[in-house]
Amino acid sequence: MTSRDFISEVQNTWCPGCGNFAIQHTMKKVFMELEGEGVVPESLVLVTGIGCHAKIADYFNLNSFYTLHGRTLPVATGIKLANRDLTVICHAGDGDALAEGLDHLIFAAKRNIDLTVILHDNRVYGLTTGQYTPTSPIGFKGRSTPHGTTEFPLNPLRLMLASGATFVARGYTRRMPLLKSLVKAALTHRGFAFIDVLQVCASYANLTDYYEKRVYELKGHDTGSYEDATMIAGEWDYYSDSPIGLGLIYQKEGPIYEPTPEKEVLWGSRKDLVMHVLDSRT
Ligand SMILES: Cc1ncc(C[n+]2csc(CCOP(=O)(O)OP(=O)(O)O)c2C)c(N)n1
Ligand code: SF4
Ligand SMILES: [Mg+2]
């Protein structure tokens, strides 16, 4: 496939200046690189919720599943368990994965399902024209909160660390080379990989100036340390003036949730672990 072939003919309806373009472009570069390394494009599957982010399924010439709002993770999990040879990539919205689909996200991380979640975290319900989401900053004025929200935002990175994700990172749509390296690393990670992508929504939550003053690239911490990761993930609480670290925050290897070769769902590589725990109790 050439670069042209990856992008479909479907008319693009994202607003001018939307950060989704940067994510799409980044993904295209990663796909092309993977293809150059021998990955067949047919082995890539995109799974999306419903929202502006989800249109990415239409904009790529790849196998994809445009699911229901909030159901990105269970569908992706089913696809991965049914065919482990596929590389499953969830493009989820912050409303999609952190509100209606929150329990699915937590359990996919807890099980360490071998897939990648790219959270298009524009911190607003974009498609439905500007209501607040779990990551909207306190005071956010939108269609449903004209006087500003009174809720503190959720920190998706700390949530994912607490849930058992084995790859946790933060990207930003105006730092594309870094985003590309994070996506590539996430796709090659064995286990549940989560990238919170701070995505500019040009129409309803344009936080470009706010981000540009605060973002910096993380360097030098021990990405295998859960304690360091928790601290780094909490440095910025999604509304304050604190610096915003971008990059890989945490990565470790762990048993993944997979069918056994006999196609029995469950146990898989966890069998030894489970037996060890049971033995130690007797
Ligand atoms: C089951 C269900 N609940 C709610 C909706 C309405 N709905 C469609 S898109 C959307 C918000 C999307 O926000 P987000 O997931 O953040 O994606 P974005 O548009 O910002 O990319 C909502 C609430 C729906 N279509 N289906
Ligand atoms: S509403 Fe926001 S997220 Fe949706 S296409 Fe427009 S700029 Fe992008
Ligand atoms: Mg959103």
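Student: Which residues does G254 touch, not counting residues up to four places away in sequence?

Tutor: This is a predicted model, in which local features need pLDDT of at least 70, side-chain atom pairs count only at pLDDT 80 or more, and totals for chains, interfaces and linings use all residues. Residues are numbered from 1 along each chain as its sequence is written, while chains are lettered from A and ligands numbered from 1 in the order in which they are written. Two residues are in contact if their C-beta atoms, placed from the backbone, lie within 7 Å. With residues up to four places away in sequence left out, G254 touches N112, T166 and G191.

Student: Is G254 buried, exposed or partly exposed?

Tutor: G254 sits in the loop between β8 (244-251) and α11 (271-281); helices (H or I, at least four residues) and strands (E, at least two) are DSSP runs, numbered from the N terminus. A residue is buried with 20 or more other C-beta atoms within 10 Å of its own, exposed with 12 or fewer, and partly exposed in between, with C-beta atoms placed from the backbone. G254 has 14 C-beta neighbours inside 10 Å, so it counts as partly exposed.

Student: And what is the phi of N112?

Tutor: N112 lies in the loop between α6 and β4 (116-121). It has 25 other C-beta atoms within 10 Å and is therefore buried. N112 is a residue other than glycine, yet its phi is positive, near 55°.

Student: How many C-beta neighbours does R123 have inside 10 Å?

Tutor: Look in the loop between β4 and α7 to find R123. Its phi is positive too, near 65°, in a residue other than glycine. R123 counts as buried because its C-beta neighbours inside 10 Å number 26.

Student: Let's turn to the ligands. Which residues are the closest to ligand 1?

Tutor: A residue is near a molecule if its C-beta atom, placed from the backbone, lies within 6 Å of it. The shell around ligand 1 divides into six nonpolar, 12 polar and three charged residues, and its largest share, four residues, comes from helix α5 (residues 94-100). Of the 21 residues that surround ligand 1, the closest are G51, G93, G95, D96 and G126.

Student: G51 is on that list. Which residues is G51 in contact with, leaving aside its neighbours within four places in sequence?

Tutor: G51 belongs to the loop between β1 (44-48) and α3 (56-59). It is buried, because 26 other C-beta atoms lie within 10 Å. Leaving aside neighbours within four places in sequence, G51 is in contact with H69, G93, G95, D96, G126 and L127.

Student: How many charged residues does the shell around ligand 2 have?

Tutor: Around ligand 2 are W14, C15, C18, N20, C52, N122, G126, C201, A202, S203 and Y204. Here Ala, Val, Leu, Ile, Met, Phe, Trp, Tyr, Cys and Pro count as nonpolar, Asp, Glu, Lys and Arg as charged, and the others, Gly among them, as polar. By class, this shell has seven nonpolar and four polar residues, and the number of charged residues is none.

Student: Now the helices. How are α7 and α10 oriented to each other?

Tutor: Axes are lines fitted to C-alpha atoms, for helices over the stretch in contact, and angles run from 0 to 180 degrees between N-to-C directions. Angles under 35 degrees count as roughly parallel, over 145 as roughly antiparallel, 65 to 115 as roughly perpendicular and the rest as oblique. α7 and helix α10 (residues 226-234) pack at about 160°, with their axes 8 Å apart. The two helices are therefore roughly antiparallel.

Student: Which residues of helix α7 (residues 156-163) are buried?

Tutor: In the packing with α10, L157, R158 and L161 of α7 meet Y226, A229, T230, A233 and G234. That contact divides into five nonpolar, two polar and one charged residue. The buried residues of α7 are P156, L157, L159, M160 and L161.

Student: What is the angle between α2 and α8?

Tutor: The axes of helix α2 (residues 20-36) and helix α8 (residues 176-188) are 9 Å apart, and the two pack at an angle of about 50°. That makes α2 oblique to α8. The contact is made by residues including H25, K29 and E33 of α2 and L179, V183 and L187 of α8. So that you leave with the value, the angle is about 50°.

Student: Last one: which residues in α6 do L73, P74 and T77 in α4 meet?

Tutor: Helix α4 (residues 72-82) and helix α6 (residues 102-111) pack at about 35°, with their axes 7 Å apart. Across this contact, L73, P74 and T77 in α4 meet H104, L105 and A108.
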